[in-house]
Amino acid sequence: VLYHCLDNSRVYHGTPLSPMEFEVDDAPALEQLLTTVEPRWIAVNDLIHGDVEDKMGIAQALYDEGLLATMLVEAPDRSVQTG
C-alpha cells in the first residue's frame with residue numbers, strides 16, 4: 001500500500017491520507033518511479049518489472065493520482081524532403 005497526501009496543502013492537512021494498493025512485486029518499479037527526479041527521467045519500458053502491461057498500469061495509477069510527471073519525447077522527423 002502506498003499512502004500520499006497530495007490533495008493537502010503544506011499547512012492545512014484537511015484530507016486524510018489516500019491509499020493506493022499495489023502488488024508486492026510492483027515495489028521495485030514503484031521505488032524507481034518515486035525516486036527518479038528531473039533531469040534523470042526513466043522510461044516506463046525500463047522499469048524493473050516482468051511485463052509491459054504491469055509497468056504501464058503502475059505508471060498510469062501514479063499519473064492519475066498526480067504523483068508522476070511525464071516528459072513527451074518527440075519522434076524524429078522521418079519525412080522525405082524534396083526540393
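How much accessible surface does the chain have, and what share of it belongs to carbon and sulfur atoms? The accessible surface comes to about 6,800 Å², and 53% of it belongs to carbon and sulfur atoms. Such areas come from the Shrake-Rupley method with a 1.4 Å probe; for residues, only the protein chains shown count as cover.

This is a predicted model: local features need pLDDT of at least 70, side-chain atom pairs count only at pLDDT 80 or more, and totals for chains, interfaces and linings use all residues. Residues are numbered from 1 along each chain as its sequence is written, and side-chain values use heavy atoms, with hydrogens and water left out.

Start with the fold. The chain has 2 helices and 2 strands. Along the sequence the pattern is β-β-α-α. Helices (H or I, at least four residues) and strands (E, at least two) are DSSP runs, numbered from the N terminus. Of the 83 residues, 22% count as buried. Buried means under 20% relative accessible area, exposed over 50%, and partly exposed in between (1.4 Å probe, protein chains only). Now take contacts, meaning heavy atoms within 4.5 Å. Among those between residues at least 6 apart in sequence, 40% join residues at least 24 apart.

Next, look at α1. Its buried residues are Ala-29, Leu-30, Gln-32 and Leu-33. Seen down the axis of α1, they fall within an arc of 160 degrees, so they line one face of the helix. The arc is that of the directions from the helix axis to the C-beta atoms. Their cover includes α2. Glu-31 and Thr-35 are exposed on the other side of α1.

Move on to the loop between α1 and α2. His-49 sits there. His-49 counts as buried because its relative accessible area is 15%. Its side chain makes a polar contact of 2.6 Å with that of Asp-26. A polar contact is a pair of N or O atoms within 3.5 Å; within protein, one must be able to donate a hydrogen and the other to accept it, and residues adjacent in sequence count only if both atoms are side-chain atoms. Leaving out residues up to four places away in sequence, His-49 touches Asp-25, Asp-26, Ala-29, Asp-54, Lys-55 and Ile-58.

Trp-41 lies in the loop between α1 (27–35) and α2 (52–64). Trp-41 counts as partly exposed because its relative accessibility is 34%. With Met-71 and Val-73, Trp-41 forms a nonpolar surface patch of about 310 Å² accessible area together. Like charges are joined within 9 Å, nonpolar side chains (Val, Leu, Ile, Met, Phe, Trp, Tyr) within 5 Å.

Key. Patches are made of residues with over 30% relative accessible area and no salt bridge: like charges are joined within 9 Å, nonpolar side chains (Val, Leu, Ile, Met, Phe, Trp, Tyr) within 5 Å. A salt bridge is a side-chain nitrogen of Lys or Arg within 4 Å of a carboxyl oxygen of Asp or Glu.
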